Structures are given as structure tokens and as C-alpha cells.
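Let's walk through the salt bridges of this protein together. We will take a few pairs one by one and see where their partners sit.

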Amino acid sequence: MKKLLFFAAAVILLSITSFAQGNVTKLTVAGLKAEVTVTRDGRGIPYIEAKNDADLYFAQGYITASDRLWQMDLMRRVARGETAELFGQQALEGDKRWRRFGFAELTETAAKYMTGEPRVAMEAYASGVNAYIATLDDKTMPVEFKILQYKPRAWTTADSLVIGAVLADALSNTWQTDLLRQQLSVVSKEKFADLTNPVTPYDVVLYGKDTKPATVAAEVGIHPISSEIFALAQKDEDLRKDSLEMVGLYAEGLAASNNWVVSGKRTADGKAMLANDPHLAPSAPGVWYLASLQSPTVHAAGVSVPGIPAIIIGHNDKIAWGMTNVGPDVQDIYLETVEGDMASGTAKVRTPTGVETLKTRKEKINVRGNLLKPDMSPVDLDVYVTSNGPIVMTEGNKSYSLKWTALDPKNLSVGNYFKLNRAGNWQDFQNALKDYGGPMQNFVYADVKGNIGWYASGQIPLRRKGDGSLPYDGATTDGDWTGVIPFEELPHLYNPPSGFIVTANQRIAGTGYKYQQMTRVYGSNRARRIYDLLSMNKKVSMDDSRDIQHDVYNWSHVLLAKAIVAGGFASADTIGVLKDWDGKMTPDSRGAVLANEIRNCVNSKIADDNRPVPAGLINAKIFDLAVREQPARWLPSAYKTYGELYKACDASVRTSLAANKTYGSDPAGWVWGKTFMSRFGHQLAAAPLIGGQFATPNVGISGSGFTPNVGSSVSMRLIASPGNWDATRHVIPLGESGDPKSPHYKDQFESWRTGTPSIFPFSKAAITAAAKETWVLSPK
């Protein structure tokens, strides 16, 4: 605490002076050791060059805060459970959810044990953020702070780490799926096998083969899941979704991103190629911030996450790297046997070694009473913690606790990114990932020598019994974590014979792989389409990769359309539209609307006939099977054939579309772009009178959840050709600035939407040629 107070005092005493000279602005900043140059190009991207690493990250913190300070503050508030201080009662339940995890305390602990370069970088970054905060007054304060009538507190290293906790929640949440599997035990064995079978004809398996039937592991001591408990789990998921969407980090079904690497043997110019486009909840501003960082030890460029130092996805002068989510099982849910009243503070909980006192952690959440005034009232929250983890649900005499890799402080480090930024070859790349503890990712690799590689890295628990796919009894040792999958045994490839590697959240390991908890949440649509497009091309160019990123051919919808047309299972108008449809989800497409709506109807009718199986699971696991094989076991009882089902859905869909105000009664107006639109919401955009300033483009766009281009959820696009760094294409949906008055608030939208190349220069000459303004930061 003394150290923090001393640091805060230093920030208050810090002074900055500046003057402009031509297009060069010179600033004197206390805290720097040497001069730092910051050049900005026509998109406002900062190119930071420093003489040492501490100054580099200090400047990164300073510059990032100058563009994204309120976004940074909001992200740390989400993870710390402090958003009710801004948004009042409507945010309270979400804050309670985050407080149960205890990330504020966990990240403080993690910050204390940081050493070496990560510690230097994190502390310097925080100092830079605070140096910028110290320059602000009532006139220059970002507009959100003015509207909500508060000021940012000092930034700390723990704040950077706690943003990593938000990423963990966005990309590694699976415990509700465990409850769903248990609930599905009421369906027939044949249907349960369909719902849990990971194998499809469209899989793109990268590691191992499908050599044996896949089964869900049997667990010991499992209990029925009541509808009340499942409702609580759904409420938790709804709160999670709301809070993550607030900061642009929600990834539905954890299915977030495409990437691929192509060997120099398969490209037009003989150089390797890397492409990456993460899919996350659209927001204004977006979650990524483009930057170039250079010091005597590193030169890296790409995207960072505001609030976290280093480059997260991008390249240096030797290698490029990208990421997609794996979706492994790193969470387990436990039924805890609690004796006594938890609120009394004397409750006991059964453990494998006997009865123990249930731990209680006291939390106080400040809640704003009026959104137009900063006055707050405290709300007390008791968090109950077992040896397995915090209790996240209680219904009657049943309480459930959560064990999660993110609740281990050592997994909250971001030090691996500093190593990635400096990696020069495949061995360095692997070394950077060996102790990676964040959400498990498909890290892809390409280098200047034409090599490509892939490593699925993360800390995946090994259980004493089973694989964590179903809930455990907390009073037994069955669900104990006995270790993690060894790094050497994690799936990986280097220069495969195919000459390319694709990851798009698909099942990456075959059923013969002994650790089937590797991919718990997955989908095959995008990976199959990308794989097929690359397979047909022996000389891939950057434009080819651009076209794949923007591809909107929906093969799954096409299968349905062909089945309907072949059998005449719809009205004449629908059959005519689907027959002529090119399978693309474009704004002017009528076929896209009809195929999509009929699909939704089919899924709903199958789900209604198979409760408690949710429609979302039918869509993910059964729909393609039903269209392809027409199994009688999934045909709703009200219909004799699938043709009858399709006809009924067509009639229903046409009636509802005609009654829909957006589409209208004229079928000619039923086009995809009327509802599939660009949507990048700001938290204050809906506020009366003042919200209009945060508006972003709201137009019909191409894409869908089943195509490589998923529309507004494409959070950035990168295409890099190692060795040809000045040709790197990198774009975000809106812009670098979070200030709605800035010319860089939404200036990248058209390039993002159309695929017009947005070049991100790397060499000194190219940066100089692109420069529009320069800041020179000098030590005081």
C-alpha cells in the first residue's frame, strides 16, 4: 500500500510540457530515460521507437491511453466487478458474478510475483498510462468520463493482468456445457450418441486420426440436473454475455476466429504467408489497437489489447504469428455437500478428507443510484469458497463450485507475448509458448525462410477420473486435477506435407488422441470452406487470402437449398429463388434469407420435439446430419417425411417474413442486408441526447455465422508475407481512436468492409513515407 501511495504521489507531481514545431510535437515527460519518437500514419497508427525497453513500454502505455483510456478503464472494471459504479443497478448482478471469481485479488498476487522483462514492461506501461492521465483536465478528459462525471484512477500492473482475466472468461468458459451433457442423459442412447459424436464428414483434423469411436467419459457420483439449476446456469451465461459484449470480447460458443499459414512452396511469390481474423463481439471502439514497437531488442508490429503491453498478434522482422481459440475443457463444476446455513458463517462442506468450514469472502460493491450523478451506495456480497473453487450457483440444498485454470495466479501472466515479439525461429516460437497459461490458442507461425508451423498451447488439466465432460461430486477425489497435458504432447505441426495449415475453431485432434478434453467446443463449417479453397490453389497470393477472409459461400445452407429444390419441398417462389441462389450471404440475396429462416425453423421444430435439447445444439450437431441422412429418429413426430417438414417451415417462414416490418409484404424485399448489418455499439450510444455522437456505420454487409466472413464480429484482418513486411495488410473495423470526434474513430470501416488493402508499413523508409505527424517524447 505504501508503494502504491508513493507511486500515486509521483504521478500527481509529474509534469509535462509541449510545443509544436512544424508537424513535429515535442513533449517533455517525467519518467522517461531517453528520447522516444512516435510517428503516426494516415490511419493514426503509432510507430513507437525507443532506445530501451522500459521507455518503449512507457510510451506504449502513454500513447494507447491517449486513444483508448475509457475503454481500458471499462475493461478493468468489468473484471474487477466495478461496472455498477458507472451503470447502477442494471450492472449489479454482472458485478456479483465477477466478484465471485476474485480476480482483483488474484491479479494483485500475480503482479507481486512477476520478474524480469515482463515486470519491467508492465510497470513501465502503467507509468506511461498514468503519465497521460496526469495531463488531463476537465476540458481534455475523454468524453465518457465527462458524461458519467468521474475521473480515472491510477493504472497498475494488476489492471493489465486483470484484462487478461476478461480474455480468459471470453475464450475458455465451458462449465455450462458439462451441465447440459448431464441433462441430455434423458434422451435415447442413439440421440445422445449423435449429440456427443465429434466426427463429421466435414472435419479438418490436424493432429492424429479418427481411429476409434468417440465417447463421453463416464463419471462417478453424478446426479440429476434440475431445471432450476439449469436456469441458473443460463442466467450466469446471460450475465457473462452482457459483460463481455460491453468490452467487445464475447465469442458465441467460443467459436472465435480463422487463421491459416501457407508454405512458400504454395505461394505466388515463394514466401510463406499468414492470415488471421479473430471473431469477437463488435464494439466501438474495437478490442484491438494497431501499433508498431521498436527498441534495440525488438521490432514488432500488429495489434495489442488496450491495457496490455506488447503486440498480441502480428510479426517482427523474422516471424509472423496468429491465433484462434481451441475451446478445451479447463473448467469443472462440482456438486458440493454443504451442511448448515451459509449466511451464518458457520456452514460446513464435505471434502474427500472430511468436513471443513466453508470459507467466506466479503465483498462490497458500490452501486450508482442515478446515471447522471456519481453518488453511490454499497451493496454487500458474501462469496463462498470450497477447496474446488468459488460457489457459483445455489438452488435449495444444492450448491455448485467452479474449478478453472484462470483462478490460478500463475496462469494470469502475459509474459509469453514478450517472448513471441522477439522470437526469431521455430524453436524460439515454441519456447515462448511452453508455459503459456492463458486461454488455449491455435498459434500459427510463418517465417522469412518460407517455413510454417502450428502449436495448440495452453494448460489443460488432467483429472483423476474421466475427462471433465460431466459434473463431479465435490466430496470425492474423482474430479481432482492431477497435472496438465505435457507441452510436448500438445498438438502441433511444422512444415506439413500439405504445405498449409488451417485453424478455425474446428476439432483439431482425431479421436485417437488420448486427451479428448482438448477440444470441447468446436465447429467445422468455416474450417472446411477455407481448407477447400486453399487446397484448390497451388499459388496463393495475398489477394487470394483476402478473398478467403471475405468469402461468404454458405455450404451448409446450400445443402438444405439443394434438398428442397430437388424434392420440390417448398412454394414455387421459394424453389425458384433457391434454385438460382449462388450460396452466398450477400446483402442483396433473397436466397440467403429463405435458406437461413427455413434452417432456423427446422432446428426449432426438432428441438421442440426433443426437449430438453436446445435449438442451438440441434443447429450445431444435428442439422447437417438431418439434411444429409434424414434419420427417422430426429424427424419431428408431426411429420411423416423431412419433405413435409421443409414445406411446413417454408410456409411458416413466408408468413412471418411478410408480417415483419423490416422485410415487408413484398417478397422482393426479403434480402439479407436488411437484418445482417454492421453493428458496433458503444455503451453510451443509446443515451438520450448525447448518444448520437458515438454512432457508427449501420449498413447491410456480407457474411454469416457459417461462412469465413462472419460480418461485424470480424474484429480485425491480418495478411502477412514474411520478408515482405512493407506489404503487410492489417485493418480493424472502425479506427484507432475511441474519441468520436477524432478522424480516426471510424476511418477504417470501408477498407474493413470491402477488403481494400490497408498497408501497415514496417521498414524505416516505409514508415517515414507514410508519416503524417510525429511526437518526440523527451525525459524531464
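Asp236 is buried, at a relative accessible area of 9%; here buried means under 20% relative accessible area, exposed over 50%, and partly exposed in between (1.4 Å probe, protein chains only). The side chains of Asp236 and Arg97 form a salt bridge at 3.2 Å, N to O, a term for a side-chain nitrogen of Lys or Arg within 4 Å of a carboxyl oxygen of Asp or Glu. This pair links distant parts of the chain, 139 residues apart: Asp236 belongs to helix α11 (residues 227–246) and Arg97 to helix α4 (residues 92–101). Helices are DSSP runs of H or I with at least four residues, numbered from the N terminus.

A word on the model: it is predicted, so local features need pLDDT of at least 70 and side-chain atom pairs count only at pLDDT 80 or more, while totals for chains, interfaces and linings use all residues. Residues are numbered from 1 along each chain as its sequence is written, and side-chain values use heavy atoms, leaving out hydrogens and water.

Asp532 and Arg528 both lie in helix α14 (residues 525–535), four residues apart, about one turn, and their side chains meet in a salt bridge of 2.9 Å, N to O. Asp532 is partly exposed at 31%, whereas Arg528 is buried at 16%.

Definitions and conventions. Helix = DSSP H or I, 4+ residues; strand = E, 2+ residues; numbered from the N terminus.
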